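Please consult the sequence and the structure alongside the text.

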Amino acid sequence: MPFGHKQIAEVTGRSKRVLKDDSGRLFVDSRGSGANIAETAAFMQGDKQILIFSDAGGTGRSYHADLNAVNRRRRSHYLLEAGWRADNQGKRI
């Protein structure tokens, strides 16, 4: 499975990000106010296989393999840059 923005759902507080198009050229992608909701939906529906979320983007959301979601695959969670409140990270997963 190739990685890239077409396979990775990003739920963060970023309003812009640098991506690469199919020809390898870099471009700046502006993320609208509904980007996080659309990315979460793409992950939960199975359209995107990987989810990356930050504290800013992931607060108040659940990414469990819900029986009501299309994507019920087993989740593997990797915590990066936990900060000083690592104990809170497990509450959102």
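## Basis of the report

The model is a predicted one: local features require a pLDDT of at least 70 and side-chain atom pairs a pLDDT of 80 or more, while totals for chains, interfaces and linings use all residues. Residues are numbered from 1 along each chain as its sequence is written, and side-chain values rest on heavy atoms, with hydrogens and water left out.

## Overall fold

Three helices and four strands make up the secondary structure of the protein chain. Helices (H or I, at least four residues) and strands (E, at least two) are DSSP runs, numbered from the N terminus. Along the sequence, the elements follow the pattern β-β-β-α-β-α-α.

The protein chain has 93 residues, of which 27% are buried. Here buried denotes under 20% relative accessible area, exposed over 50%, and partly exposed the range in between (1.4 Å probe, protein chains only). The accessible surface amounts to about 6,800 Å², and carbon and sulfur atoms contribute 54% of that surface. These areas come from the Shrake-Rupley method with a 1.4 Å probe; for residues, only the protein chains shown count as cover.

Among contacts with a separation of 6 or more, 52% are between residues 24 or more positions apart. A contact means heavy atoms within 4.5 Å.

## The S2–S3 hairpin

Strand S2 (residues 16-20) and strand S3 (residues 26-30) run antiparallel and are joined by five bridges; two strands pair if DSSP finds at least two bridges between them. Five residues separate the strands of this hairpin, and Gly24, in the turn, has a positive phi of about 95°. Within the pairing, Val18 has Val28 in S3 as its bridge partner.

Val18 and Val28 also belong, with Leu26, to a nonpolar surface patch whose accessible area together is about 320 Å². Patches consist of residues with over 30% relative accessible area and no salt bridge; like charges are joined within 9 Å, and nonpolar side chains (Val, Leu, Ile, Met, Phe, Trp, Tyr) within 5 Å. Leu26 is located in strand S3 and is classed as exposed because its relative accessibility is 61%.

## Helix H1 and its surroundings

Seven of the ten residues of H1 are buried, so the helix is mostly covered. The buried set comprises Ala35, Asn36, Glu39, Thr40, Ala42, Phe43 and Met44. These residues pack against strand S1 (8-11), S2, strand S4 (50-53) and helix H2 (55-58).

Ala41 also lies in helix H1 (residues 35-44), but is partly exposed, with a relative accessible area of 28%. Its C-alpha is 9.9 Å from that of Asn71, a residue 30 positions away in sequence. After H1 comes Gly46, with a positive phi near 90°.

## Lys48, a buried lysine

Lys48 is placed in the loop between H1 and S4. Its relative accessibility is 11%, and Lys48 therefore counts as buried. Leaving aside residues up to four places away in sequence, Lys48 touches His5, Lys6, Gln7, Ile8, Ala9, Glu39, Ala42, Phe43 and Asn71.

Two of these neighbours are polar partners of the Lys48 side chain. A polar atom of that side chain lies 2.9 Å from the backbone oxygen of His5, and the side chain of Glu39 makes a polar contact with Lys48 at 2.9 Å. A polar contact is a pair of N or O atoms within 3.5 Å; within protein, one must be able to donate a hydrogen and the other to accept it, and residues adjacent in sequence count only if both atoms are side-chain atoms.

## Salt bridges

Side chains of opposite charge can pair when their charged atoms come close. A salt bridge is defined as a side-chain nitrogen of Lys or Arg within 4 Å of a carboxyl oxygen of Asp or Glu, and the count by this rule is five. One of them joins Glu39 and Lys48 at 2.9 Å, N to O, and both of these residues are buried.

Glu10 takes part in a salt bridge with Arg14 (2.9 Å, N to O) and in another with Arg17 (3.1 Å, N to O). Glu10 is buried, at 9% relative accessible area, and Arg17 is likewise buried, whereas Arg14 is partly exposed at 45%. Salt bridges link Glu10, Arg14, Arg17 and Asp29 in a network.
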